[in-house]
Number of protein chains: 2
Amino acid sequence: MTSVRLFDLAGEDPQRRFSPACWKTRLALAHKAVPVETTAWRFTEKEAIAKSGRGTVPVIVNRDRWISDSWSIAEYLEDTFPDAPSLFGGEVGQALARFLNHWADMVLVPSIFGLIAMDIHDHLAPQDLTYFRSSREQRIGMTLEALVASRDDRVAAIRASMQPLRQTLKSQQFLGGDSPRYADYAVFGPFQWARCVSPFQILERDDPVFAWRNRILDLFGGLARNVPSYD
Amino acid sequence: MTSVRLFDLAGEDPQRRFSPACWKTRLALAHKAVPVETTAWRFTEKEAIAKSGRGTVPVIVNRDRWISDSWSIAEYLEDTFPDAPSLFGGEVGQALARFLNHWADMVLVPSIFGLIAMDIHDHLAPQDLTYFRSSREQRIGMTLEALVASRDDRVAAIRASMQPLRQTLKSQQFLGGDSPRYADYAVFGPFQWARCVSPFQILERDDPVFAWRNRILDLFGGLARNVPSYD
């Protein structure tokens with residue numbers, strides 16, 4: 001099998017791969033046992049991925065086909081490698097995974113961003129600093145410093161917002177059931193994002209979500225664990 | 001097939017069946033095409049369901065077997081009627097439905113309760129009024145009147161909290177995909193709860209969630225639509 005190429009967001013350290021969406025794709029590729037060659041990519045390198053039609057990663061290239069957007073990539077991988085373990089576990093599993101993917105992006109990502117925004121900034125390559133700060137500050141309507149200044153006051157409410165996840169993981173090892181599926185990778189992405197750039201403790205150590213996160217870190221020979229990160 | 005008996009929460013009007021959890025079960029039974037006889041039940045009739053081991057509905061009785069808790073009932077129906085259409089669509093679908101069920105109970109139910117608490121109260125049978133008020137006011141730490149007084153200020157944030165649901169329903173007709181599954185019924189339950197007791201407009205008319213709610217109301221010959229309710 002020829003390798004798939006993955007454009008993977010990196011910090012100043014080219015080995016620090018911190019994008020939550022790229023981690024979804026990285027784990028989906030591992031689930032499908034697809035060999036991958038990653039290319040470190042920075043926010044401002046729009047030209048390098050222009051063929052994808054988008055300005056953000058993940059982007060994969062399989063033979064001459066360029067695919068962007070982590071959800072579209074997951075669907076592409078499921079269709080293209082049908083004999084490898086299923087990412088979705090059937091049509092209903094795929095439909096419900098879409099909800100969990102949106103929940104991760106709309107609940108976890110913004111709340112975790114509010115905890116780690118300065119930590120992301122402090123790990124960026126120099127050429128990305130201005131782009132990151134100006135685009136994010138425009139979106140949130142305040143400085144990154146002002147956003148994270150109140151993070152200690154907000155973390156309890158953020159942990160509470162994870163209650164549906166926590167309650168589910170009291171009954172089963174993975175969101176997908178006995179074994180991990182794409183929904184697990186989609187929800188894990190934002191936690192790995194934090195872990196890759198920030199020492200801030202988002203999860204308490206006795207949280208079932210923390211134990212689940214550790215199970216994902218153990219998958220595929222420690223693929224997500226053994227990277228530049230904090231723990 | 002012998003009928004299953006469902007103890008179904010009712011208001012002063014015995015035909016006003018407003019429990020979100022009972023609606024999950026009612027639709028699950030219809031999905032499985034299981035004939036059902038419902039028994040109007042009030043909050044304070046704990047004796048009538050004592051054999052279930054719990055003090056809350058839904059409770060079903062199939063032959064001599066008593067089963068309580070809407071999720072346990074759904075799993076029981078899936079196992080007991082394997083030849084009828086699947087509620088979960090496989091093991092992964094079942095595992096992911098558990099998350100959506102918790103999301104409905106932990107995100108939708110408390111927030112919608114804050115909008116309709118007095119409307120529930122005002123539809124109760126006289127013998128339930130004191131029980132309902134005292135148990136709920138103890139839980140929320142204020143009077144029902146104080147809770148709902150600010151509902152106009154809160155409804156926008158509640159609509160925003162439904163964003164993962166809304167975004168999912170922009171891509172597919174049902175949470176389960178092309179056709180409804182238990183996850184749809186689990187998430188629909190809280191909306192039907194509101195519809196059965198309150199004229200308060202939770203969903204805007206151009207919301208994809210509103211259109212999806214209407215699709216659920218159309219199922220099974222209008223089973224959920226053609227009941228005492230507001231619209």
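Tutor: The account below concerns the interface between the chains. This is a predicted model, in which local features need pLDDT of at least 70, side-chain atom pairs count only at pLDDT 80 or more, and totals for chains, interfaces and linings use all residues. Residues are numbered from 1 along each chain as its sequence is written, chains are lettered from A and ligands numbered from 1 in the order in which they are written, and side-chain values use heavy atoms, with hydrogens and water left out.

Chain A and chain B bury about 2,300 Å² between them, and 75% of that lies on carbon and sulfur atoms; buried area is the accessible area (1.4 Å probe) that two parts lose on being put together, summed over both. Of the area that chain A buries against chain B, 29% is supplied by A:V92, A:L96 and A:F99, more than by any other three residues. In terms of contact (heavy atoms within 4.5 Å), 27 residues of chain A and 27 residues of chain B take part.

Turning to secondary structure, helices (H or I, at least four residues) are DSSP runs numbered from the N terminus. Both α3 (91–122) and α7 (163–169) of chain A supply at least two residues each to the side of chain A that touches chain B. The largest share of that side, 13 residues, comes from α3(A).

As for charge pairing, there are zero salt bridges between chain A and chain B, a salt bridge being a side-chain nitrogen of Lys or Arg within 4 Å of a carboxyl oxygen of Asp or Glu.
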